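Have a look at it below, then read on.

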Amino acid sequence: MTVAALLDLGLNKENLLNYLKSLNLEGFDINIYRVYKSSISALKFDVILSGNSSKIIKEENLENSKINSSLKLKSVKKVHKHTHDHRNLFDIRKIIDDSNLTENPKKIAKGIFEIIAKAESKAHGISIEDVHFHEVGAVDSIVDIVATAVLIDELGIENIYFSPISEGYGTVKIQHGILPVPVPAVANIFSQNDLLMNLTDEEGEMITPTGAGIAAFLKAKDEMPKKFKIKRIGIGAGSKDFSRANILRVFEIEEVETTSTEVDEIYLLETNIDDSTGENLGFVFEELLNNGAKDVYYTPIYMKKNRPSYMLSVITDDLHKTKLEEIIYKNTTSIGIREQRIKRRVLNREKITIDTKYGKVNAKKIFIDESNYRIQPEFEDIKSICIKENLSFNDVYYRIISEINS
Ligand SMILES: O=C([S-])c1cc(C(=O)S)c[n+]([C@@H]2O[C@H](COP(=O)(O)O)[C@@H](O)[C@H]2O)c1
Ligand code: NI
């Protein structure tokens, strides 16, 4: 579904197929065609396990797609029963390393397999090295994962966001028996990688370990930008039919970093700490910022029993609140956190790039009102220039500001 959705964005199919051929895997055909899922036109990407030749790339037209898709699926199931390759992580890494893929897609593909291996290792109670992939080790999963890696690399995007991933309920029959949905490997991937699941009222497996592994590796952030332009849309079709459209949508978006004049709702978490060390407090500060806090700060306070102490304040959104509270409890001596839902109003801003004596510098254009704005160069860019040019912060900062104003 991921490969189909990415291809449907308009990415280069020929390029992808050439890379897949370079995997030197025998015995698969690829079929790319359009289908309808709940009346929505979507692209389908099938890896058909066949004899010993790896080629034949067909595209069906939209009119024939319904019939074709069901025929194809039957053939996938039938051949799958007889193809049960067992490979371990080492074998898979070698297949990827020996291919013509460039470094980044190799890294992505190996990273996805590692996530799946970790989850399987927990499910079966064995070490990662001992995990012998079954379904996921078969040719189709290698192709799905490598194709995803190639297309993501081609897309060259900055961040990937996932909305909570839908899952059904019930059981699924695999070679080893009947497993509950979500299957153990999927549940482990979600728990080990902080993925968000959306349990639906549909019966059946909606997300496989391969799909979950892809999402876990690619996910950079949980929180979607509030405002964005949708540049391209790709729709990938799944094999099953549910009452809701079994599709995966990919939006290529361009973030418009303007905050509305509407009031934004956030949380202020506070706790007074009189018995943690400076090391504890420094550590938790970084942890909170690295795990989604919008801001973290300390206020020196004077507490009961004449104790000089600190109040820890954390600004967060709803999505990260529970995780941040866990971090505070885990890393400090706090035994209680106050919570306030607060409103904030922020100035409109836009991300821009400015040409300066030192090259391109990222900046924010901050609108004070409809006709007035100021430009604020990004600190990290100024810092890099200072280090590179061996200059002081003030030298670089004021030079850039005077260039902006001239
Ligand atoms: O064969 C094994 S060991 C196996 C384990 C698990 C666990 O969750 S553990 C799940 N599955 C099922 O295999 C199919 C194919 O998954 P892909 O990720 O290869 O597409 C799927 O139904 C899994 O639930 C197999
Ligand atoms: Ni098996």
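How are H11 and H12 set to each other: parallel, antiparallel, perpendicular or oblique? H11 and H12 are oblique to each other, going by a scheme where angles under 35 degrees count as roughly parallel, over 145 as roughly antiparallel, 65 to 115 as roughly perpendicular and the rest as oblique.

A word on the ground rules: this is a predicted model, where local features need pLDDT of at least 70, side-chain atom pairs count only at pLDDT 80 or more, and totals for chains, interfaces and linings use all residues. Residues are numbered from 1 along each chain as its sequence is written, chains are lettered from A and ligands numbered from 1 in the order in which they are written, and side-chain values use heavy atoms, with hydrogens and water left out.

**Helix pairs**

- Helices (H or I, at least four residues) and strands (E, at least two) are DSSP runs, numbered from the N terminus.
- The axes of H11 (residues 379-389) and H12 (residues 393-405) come within 9 Å and cross at roughly 125°; axes are lines fitted to C-alpha atoms, for helices over the stretch in contact, and angles run from 0 to 180 degrees between N-to-C directions.
- Phe379, Ile382, Ile385 and Cys386 of H11 meet Phe393, Val396, Tyr397 and Ile400 of H12, where contact means heavy atoms within 4.5 Å.
- H5 (residues 103-124) and H6 (residues 139-155) pack at about 135°, axes 8 Å apart, which makes H5 oblique to H6.

**A covered helix**

- Eight of the ten residues of H8 (residues 209-218) are buried, meaning under 20% relative accessible area, with exposed over 50% and partly exposed in between (1.4 Å probe, protein chains only).
- Among the buried ones are Pro209, Gly213 and Leu218.
- The cover over the buried residues of H8 includes H1 (2-8), H5, H6, strand E6 (165-169) and H7 (184-193).

**The sheet and its helices**

- Four strands make an open, antiparallel sheet in the order E13-E14-E12-E15; two strands pair if DSSP finds at least two bridges between them.
- At the edges sit E13 (295-303) and E15 (338-344), each pairing on one side only.
- Seven bridges join E12 (residues 264-273) to E14 (residues 307-316), and glutamate 270 has serine 313 in E14 as its bridge partner.
- H9 (residues 278-290) packs on the sheet, touching E12, E13 and E14, its direction making about 150° with that of E13.
- H10 (residues 318-331) lies across E12, E14 and E15, at about 155° to E14.
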